[in-house]
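Subject: Structure handover

Hello,

Please find the structure below, with the sequence. My notes on what was found follow it.

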Amino acid sequence: MKVLLLENIHPVAVQTLEAAGFDVELRSSSMSEDELVAALPGVTMLGIRSNTHITARVLDHAPDLTAIGCFCIGTNQVDLAAAAQRGIAVFNAPYSNTRSVVELVIAEIISLARRLPEKTQKMHAGIWDKSAKGSHEVRGRTLGIVGYGNIGTQLSNLAEAMGLNVIFYDVADRLRHGNARRMHTLDALLAEADVVSLHVDGRPGNAGIFGDEQFKKMKPRSIFINAARGMVVDTEALREHILSGHIAGAALDVFPIEPKVQGDEFESPLRGLDNVILTPHVGGSTQEAQEEIGYFVSGKLKNFQLEGSTALSVNLPDVQPPALVEEARIGFLHINVPGVLAEVNNILASEGVNVTGQYLATRGEQGYVVTDVSGHVSEAAISKLQASPHTQWLRSWDA
Ligand SMILES: NC(=O)c1ccc[n+]([C@@H]2O[C@H](COP(=O)([O-])OP(=O)(O)OC[C@H]3O[C@@H](n4cnc5c(N)ncnc54)[C@H](O)[C@@H]3O)[C@@H](O)[C@H]2O)c1
């Protein structure tokens, strides 16, 4: 089975897939729509990053494609619905860069507390300004984390190790790590935190949740960090509070409008302000994260192809069956209508097949059932399942 990997995907993905027995072709560049149309016949799995766009037309010309691995966080570049309609699974790596984001935020907390952006700027301008004014240790200060998910919790652990007191606010019930204290409202967190760091997700309701009112509620001379989503923060309001001195420093890695193309001008009301760190959405961009992404996504592609697992697929029902140890396994992607499971089991029973395990998930209009069986699945059983009007695809594996 052929795997085509585009856009310089990390070599660890090639190693993983080759070791699993796939024939891997690696290319450094992305491909245009026409190039994909010409290249995809004969390709079973495709790996891309963010610059390759997979349209419905591309998928129409990919008769052998079963899965797409997005070796990145986002999946906007793929027509997910069109892929699902064709039974093509899409995977990504939503959490592989968590540690990279956390390390950047830790660096920013210390840099802003010591006013390093200002100091380094002056040194480059030839100004020797040796003073402790406005510089603080972070030990004993309070970090307020808004959004206590993957990134928020890791930040919590590392910050505590450095001697910060951690408080957090999350809209969902989250287990507290270490000595972190849960705050029941955002206002309570803002009233206590010396540093506020946002790590909320990108749900539509989070647009503009942090503006003038929230900055006013922060402690005087506190620090503000956003490495989550640009649309969450009113940057004009932040500018006013930095200019007034109420906010002593800020670090932003994400912005409401970000340049689309490398080299395009970055426009923001935060440019040129003292003690403000601006970075071009690089929180998760490290060599280590790239390697982790390569490892994670190639593993998902491998498990899908060899064992029928759709675990963490972004467009098909999520089924994570155990490792394949029984004699055979059947994966059946179907239209989600009442009675399909009974239909599958009736066909298997009528052919004398003994079911040893069954795993089902549905997502919208589709259902996916993985059935482990002892003994051989006859051609007759496979043909009957394939003939069902609800079948999208049927695959079988032998242990
Ligand atoms: N800067 C970067 O390069 C970079 C890299 C990776 C992730 N991110 C962003 O970081 C953010 C966090 O990522 P994650 O993996 O930890 O996500 P996550 O889904 O694991 O955690 C998000 C948490 O925020 C909580 N939440 C959502 N809305 C909230 C609100 N209004 N108030 C309080 N809590 C709220 C959720 O309940 C959840 O616990 C995401 O927005 C992600 O896109 C940025």
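The lining of the second largest pocket contains eight charged residues, with three nonpolar and two polar ones beside them. Please bear in mind that this is a predicted model. The pocket has a volume of about 280 Å³. Of the 13 residues that line this pocket, those nearest its centre are Glu-118, Lys-119, Lys-122, Asp-129 and Ser-131.

The structure has one cavity of 30 Å³ or more. The volume of the largest cavity is about 40 Å³. Its lining is made up of Ile-109, Ala-113, Val-138, Arg-141, Leu-164, Asp-194, Val-195 and Ile-223. Six of these lining residues are nonpolar and two are charged, while none is polar.

Last, a helix pair. Helix H12 covers residues 340-350 and helix H13 covers residues 379-386; their axes come within 9 Å and cross at roughly 160 degrees. An angle over 145 degrees counts as roughly antiparallel, and H12 and H13 are therefore roughly antiparallel to each other. The crossing of H12 past H13 is right-handed. On the H12 side the contact is made by Val-344, Ile-347, Leu-348 and Ser-350, and on the H13 side by Ala-381, Lys-384 and Leu-385. By class, the residues of this contact between H12 and H13 are five nonpolar, one polar and one charged.

Regards

Technical notes
Residues numbered from 1 in each chain as written. Predicted model: local features only at pLDDT ≥ 70, side-chain atom pairs only at ≥ 80, totals over all residues. Heavy atoms only, no water. Axes fitted to C-alpha atoms, helices over the stretch in contact; angles between N-to-C directions. Helix = DSSP H or I, 4+ residues; strand = E, 2+ residues; numbered from the N terminus. Parallel < 35°, antiparallel > 145°, perpendicular 65-115°, else oblique. Left-handed = near helix turned anticlockwise from the far one by under 90°. Contact = heavy atoms within 4.5 Å. Nonpolar A, V, L, I, M, F, W, Y, C, P; charged D, E, K, R; others polar. 1 Å grid on protein atoms, 1.4 Å probe; cavity = no way out; pocket = protein on both sides within 12 Å on 5 of 7 lines; lining within 4 Å. Points joined across faces, edges and corners; volume = space filled by probe spheres on them.
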